[in-house]
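Trainee: Can we walk through this one together? I would like to start with the ground rules.

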Amino acid sequence: MTWENYYMPLTTGEAIELLVEKQGKARIIAGGTDLMVQHRSDPLNVRALIDIGRIPGLKEIREDSRRIYIGASVTHSQIVNSALLKKKGRVLVEAARTVGAPQIRNVGTVGGNVVNAQPAADTAIALTALDARIHILSGDGEFEKPVIDTFLGPGKSCIDPSKELVTAFSYSIPGPGERSCFARLARRESLALPIVNLGLWLCLEEDDHILKDIRIAVGPMSTVPFRARETEALLKGVLLDKAVIEKAGRSISDEVTPRDSFRGSADFKKQMIGVILKRSLESALEGKGVDSDEREQ
Amino acid sequence: MKFSNLGKETPILDGLEKVTGRARYVPDLKVEGMLHGRILRSPYPHARLKKVDISKAERISGVRDIITGKKVSQHKFGPMVPDWVILPDDKVRFHGDEVAAVAATSEESAAEALSLIEVEYEVLPAVFDPELAMAEEAPLLYEEKENNIATTFYVHKGDVDKALAGSEIVFEETYQTNQVYQAYMETMAAVAAPGDYERLTMWLSTQIPSMSRLRYAEALEICAEDLRIIKPHVGGGFGAKFEYKAHILAAVLARRTGSPVRMVNNREEDFRAGNPRVPMKIWIKLGLAKDGTLLAKDTRIIAGNGARTVYAPAITSTACYRIDSLYKFKNVRSTGYTVYTNTIPTSCFRGFGNAQMHFAMESALDTICHQYNLDPIKIRQQNGVTPGFTSIHGWEIKSCALKECLDKAVEESNWYDKKKEPAEKSPVKKGIGVAICNHVSGNRPFFKPFDGSSALVRLTPEGKAIVFTGEADIGQGMNTAFALIAAEAVGLDVKNVRTAAVDTDISPFGLGSFATRGTTIGGRAVYEAAVNLKKQLLEHLARVYEKKIEQITINEGQIYFDDQEDPITVAKAIQTISYTLGGTSLVGHGVFVPETVLPDENKYGNVSPAYPFGCHIAEVEVDTETGRARLLNYWAVHDVGRVINKQTLEGQVEGGVMMGAGWALGEDMVVKEGKLLNPNFHDYCLPTAMDTPRGRIYSYFLESGDPNGPFGAKGIGEPSLNPVPAAIANAVFDAVGVRVKNLPITPEKILEGLASA
């Protein structure tokens, strides 16, 4: 172990004070499910770790009149079991459920999943589909930005855990006609990184299948979580029928630029992203994945 | 027959200590003054060692010894071919090959020392594919091994060419099986400690305590009697835990430093330098009469040996000819080449080559049935061996319920109804496939001097019995099976019987856990020892209680005299007897030497005392858009001779089916330029509990009562896996009409097949 101190602050203010005091020689740790593995092969060059697991506010899932807030150290298991999110954040619940195994979901946090910045991080894909914003605290104060803007490259986030603390994610409470869902393919049913994954959010005109708006987030299709904007544009304002769905599947296969890996060749991933988009749209059309209060619990 | 202890669901006797974490495995051992050993492994698949400089590494505090090829004897040895040295001083032959070994007072010091050993490598051309390695221009791993061929196996019986010429159906195909990892929970491990009388004690995670003792004595150039092997609990082996380089390096370092040395693979090095499955390319040609009668089989196998020989040659020969005793063949020919490549040395893995050939043979039969409109059940019943049959290689099939296994599997799975169901309209299609299997329960040629086993059963003055065996329980439940056999044969309650850990200073010699031989051969020796103990017990009872032997019955720990109302307990009686014998325990001694023979030069001769059989039916669903195949239900019916412990049998079958399913549907050691790309459980995808069938695995056991096995029992370890890849491949074909001939059956291959259909 390289660090000398391990801090467990009780407020975000204390955490930031520690970061400022250590001048870049300390870093934030949440669940540690990524960090400790990385540390084993590539030791962290820090003097202190600041564990944010004891800060009550960071473990909350709540809503106000306009937005839903998910604290940065909310675990995947908390998301999976959240009655609020089951109702108003289906894509996130479904994404969190696919991460790792129960032991990992009990410890790993949504904040860690986003800051770790893997191109197919399941909750990052879901938050991107929800057009979520990230709330960050630093010595200079608080600011927020779209989650998608934090991803710089594989494993590279614009958030500096030696200077900044993610406090929460937020997104608009879904209104009428809004639905979301998550899909992925992997080499096995559990404990596997995705070959491809997809977060879908859409808003249908009332009483018909015309798409008012849509967001499609996919991974690992680029160096960062990727919004398939060309395919989104193709679908916006269009009546969602079988032919359109087929076309959307072909469009996204053409739009993405995955890489070959032993989890799957680029061509295979292109083909598969088309299949899961098609299936997600079909399920949205059948009324599955309905987000807002119109859905019976 | 009515049994007191057999045929029930008996939890393994050491289950509680295992699930509570109290059971101690080799990596848990802490010996006073123990050093930590680590191995420097080659980062190149083939390279000349120009210089190995340990001067910086030696200066690390806590480092007690560093060995390189220059510092150790260069004599050659090996389990089958003498191509091993303790450490090489000339070149390394695979990415992961041992270059140097360190012993230090902490793991951290050892790791730091490893990073400071400076090696100058001259990278040499390497070859990774066994077929390419046989080419004239291929680089040689060993100068003296022409075309990189380690060994060649050839057998020909009858007249294959003539039989093929006379066959109405001739089918020819090539299949490939890939390299997979055994993935036992406990990695390879050893602790070696110098002891009194200049002896060395080794605690090993091993399947072969007695045999490794002989081999390591040879490696260390010492007398085997000066080596004491102790095998505590072992966390799985599946064939991998035979002779292993790291064990020897621990012993060398312990002898040099005079301190105990612990050598435990981390998971990555276990992947990179374990003993994975022998990959094979199998060409097969079958000749049949129009009615489906098998007339001829011709095969040619190219098998990957890796960079040095462990047991691949024996595995190749098994692939060449063991399946010939599953069917009533009259003409067979087989050639098998075991070929060196600059890859991980390969070895035993549940199925021992027979599993690879089952994939080829059972896939081929399925295709033939489809092409010529033959019934895949009937063709197997029509050609399968039957009780009393002697196979073309002289294998004597005494007990055999193969036909009954097929009948039971067909009935339980509703095979014929399912075959009639129309195809699904959705993109997800269902399919069902069958495969049968044979195996051995003991393999006479594996250890040239003999096959057989001996055991002791000791009845203590407290009325408890302890079984001493040299056979190795590695988690499969053999110790519990032995306790049940001894309890049944003597008339004890199994709660009062246990099997001692193997310690070569105390236990009889036992060849070990391989060839599905434990229950049959080891168990028979335990049975004989228990019978011998009972005979002694009866004689002493007659003497002490002044009865005739015929008046005495022993059952479930109670002794009944025919002229006495109330029984007495064995515990009480043995105490009384023991006091008349100077306090001694009664010890029964049992030996079983099966009437098997070493095959002659044309590979003729009965190699095993008993042959287990089975039939598997797999039901799958295949998603035609994603290419993914999933198990829905699985029916496994096995002829086990006699059920000793139903619970561990089910465990073996469920484990074997899932291990086979992992292999069939995705497990793969991905190697690029000799480097393993997925040496961890994150990227090497074993099936998880979530990947078991959506329905379930149904297991059934038929009792054919073998004359050689204890109470008629035959083995289950390997047959539980042998037919799995073929049954699944056949089910996938039934679902979507895609025949995958090279394992694993990945989504990409299924989609490719669908696209080209």
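Mentor: Contact here means heavy atoms within 4.5 Å. This is a predicted model: local features need pLDDT of at least 70, side-chain atom pairs count only at pLDDT 80 or more, and totals for chains, interfaces and linings use all residues. Residues are numbered from 1 along each chain as its sequence is written, chains are lettered from A and ligands numbered from 1 in the order in which they are written, and side-chain values use heavy atoms, with hydrogens and water left out.

Trainee: What average pLDDT does chain A have?

Mentor: pLDDT is the predictor's confidence in each residue, from 0 to 100. In chain A, 96% of the residues score at least 70. The chain A average is 93.

Trainee: Where in chain A does pLDDT stay under 50?

Mentor: Where pLDDT is low, the predicted coordinates should not be read in detail. The model has 29 contacts beyond four places in sequence for that stretch of chain A. The stretch is residues 289–297.

Trainee: Is Ile216(A) buried or exposed?

Mentor: Ile216(A) lies in strand β13 of chain A, residues 211–219; strands are DSSP runs (E, at least two residues), as helices are (H or I, at least four), numbered from the N terminus. Beyond four places in sequence, its contacts include Leu198(A), Phe226(A), Leu235(A), Ile252(A) and Leu277(A). Buried means under 20% relative accessible area, exposed over 50%, partly exposed in between (1.4 Å probe, protein chains only). Ile216(A) has 0% relative accessibility, so it counts as buried.

Trainee: How much area do chain B and chain A bury between them?

Mentor: Buried area is the accessible area (1.4 Å probe) that two parts lose on being put together, summed over both. Here 22 residues of chain B are in contact with 18 residues of chain A. Of the area buried between the two chains, 54% is on carbon and sulfur atoms, and the total is about 1,700 Å².

Trainee: Which residue of chain B forms a salt bridge with Lys278(A)?

Mentor: A salt bridge is a side-chain nitrogen of Lys or Arg within 4 Å of a carboxyl oxygen of Asp or Glu. The count between chain B and chain A is seven. For Lys278(A), the closest N and O atoms are 2.8 Å apart, and the partner is Glu625(B).

Trainee: Which helix gives the most to the side of chain B that touches chain A?

Mentor: It gives three residues and spans 747–756. The helix is α19 of chain B.

Trainee: How many residues of helix α9 of chain B are buried?

Mentor: Helix α9 covers residues 312–321 of chain B. Its buried residues include Ala312(B), Ile315(B) and Tyr321(B). Among the elements covering them are β7 (149–157), β14 (294–306) and α10 (354–372) of chain B. The helix is largely enclosed by the rest of the structure, because the buried count is 10 of 10.

Trainee: Which side chain does a polar contact of 2.7 Å join to that of Ser325(B)?

Mentor: Ser325(B) sits in the loop between α9 and β15 of chain B, and is buried at a relative accessible area of 1%. A polar contact is a pair of N or O atoms within 3.5 Å; within protein, one must be able to donate a hydrogen and the other to accept it, and residues adjacent in sequence count only if both atoms are side-chain atoms. The partner is Ser391(B).
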